[in-house]
Amino acid sequence: MKSFINVEDLGPLDKAMAEAFEIKNDRFKYQHLGKNKTLMMIFFNNSLRTRLSTQKAAMNLGMNVIVLDVNAGAWKLETERGVIMDGDKSEHLLEAIPVMGCYCDLIGVRSFAGLTDREYDYAETVLQQFIKYSGRPVFAMETATVHPLQAFADLITIEEHKTVERPKVVLTWAPHCRALPQAVPNSFAQWMNAAEDVDLVITHPEGYELDPKFVGNARVEYDQKKAFEGADFIYAKNWSNPGVTNLADYGKITSKDMSWTVDTEHMSWTNNGKFMHCLPVRRNLIVTDDVIESPNSLVIPEAANREISCSVVIKRMLEAL
């Protein structure tokens, strides 16, 4: 596996899931694969779970790890060609990337959407430059449009906690005070579709439609209560307007409807549903205190499974070196 961005990069999903549970039972089984190998983790944006879980996964596999915070521990990087670099950016990504590749065997990249130019974001411009110029296998630690390590961990969590063969899983939009990317909901929808044994429903205000290539076969329901009825899992997440129905709205907050906040009444509509969120979460905007602190909240096991999803990806990349 030379790159990891989307679910199809893993090949058969059932085999990847089996591998995940194998690794969860023995996290150090494949330490030999990473001996004398180095992972470079490159962060253009802040991180807690991604940083910790990816570093832990690499260490479990016997790797050395280098962490680079581009905006704090390196020169400011220009990302576009043709720019006269007479501003505050001292180095171009096209020189920095191959230099980074000289010092490692694998590269993980985290770079969010700018939310101003949909075409630029959805072309995954920054990530694709790493894939093209680094000379190393590259995996996404969240990009402008996807967060596959999170979605893989979400699927592992659902598999561990489901009580029916084909659970109803609802991805619900919730309000937020800031404009957020669509990466997490995009990947969540993509991975739930790939799993096949999931009944996926996506609910959000009108105008917040995700890109159809991620929605896939999911049912879109604009009535949140109707969507929640009989659900086994509720996955709450805010996203800014994807600009699918109106490009001019891309990256904007076009609704702050607090009636979409997941509270006890919302969860009462479900089939004793489990609550999920990728974290960090804005309490009492996305979800109320009582719901996220309830016995049915899976946010901590979900975060813990980030180590497992990442272990599978890094293991497979090491095996392909």
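Reader: Which residue just after H2 takes a positive phi?
Author: That is Gly62, with a phi of about 85 degrees. Please keep in mind that this is a predicted model, where local features need pLDDT of at least 70 and side-chain atom pairs count only at pLDDT 80 or more, while totals for chains, interfaces and linings use all residues. Residues are numbered from 1 along each chain as its sequence is written, and side-chain values use heavy atoms, with hydrogens and water left out.

Reader: How do you know that the span of helix H2 agrees with its number of residues?
Author: H2 covers residues 49–60; helices here are DSSP runs of H or I with at least four residues, strands are runs of E with at least two, and both are numbered from the N terminus. The expected span is 1.5 Å times one less than the number of residues. For the 12 residues of H2 that gives 16 Å, and the end C-alpha atoms are 16 Å apart, so the two agree.

Reader: Why is Ser53 called buried?
Author: Buried means under 20% relative accessible area, exposed means over 50%, and partly exposed lies in between (1.4 Å probe, protein chains only). Ser53 has 7%, so it counts as buried. This residue of helix H2 touches Arg306 and Glu307, leaving aside residues up to four places away in sequence; contact means heavy atoms within 4.5 Å.

Reader: What makes the buried residues of H2 line one face of the helix?
Author: They are Arg49, Thr50, Ser53, Thr54, Ala57, Ala58 and Asn60. Seen down the axis of H2, they fall within an arc of 160 degrees, so they line one face; the arc is that of the directions from the helix axis to the C-beta atoms. Their packing partners include strand S2 (38–43), strand S3 (64–69) and helix H13 (299–319).

Reader: And which residues of H4 are buried?
Author: Leu93, Ala96, Ile97, Met100 and Gly101. Seen down the axis of H4, these fall within an arc of 135 degrees, so they too line one face of their helix.

Reader: Why is H4 called oblique to H6?
Author: The axes of H4 (residues 93–102) and H6 (residues 125–133) cross at roughly 50 degrees and come within 9 Å. Angles under 35 degrees count as roughly parallel, over 145 as roughly antiparallel, 65 to 115 as roughly perpendicular and the rest as oblique, which makes H4 oblique to H6. Among the residues making the contact are Leu94 and Pro98 of H4 and Phe130 and Tyr133 of H6.

Terms used. Axes fitted to C-alpha atoms, helices over the stretch in contact; angles between N-to-C directions.
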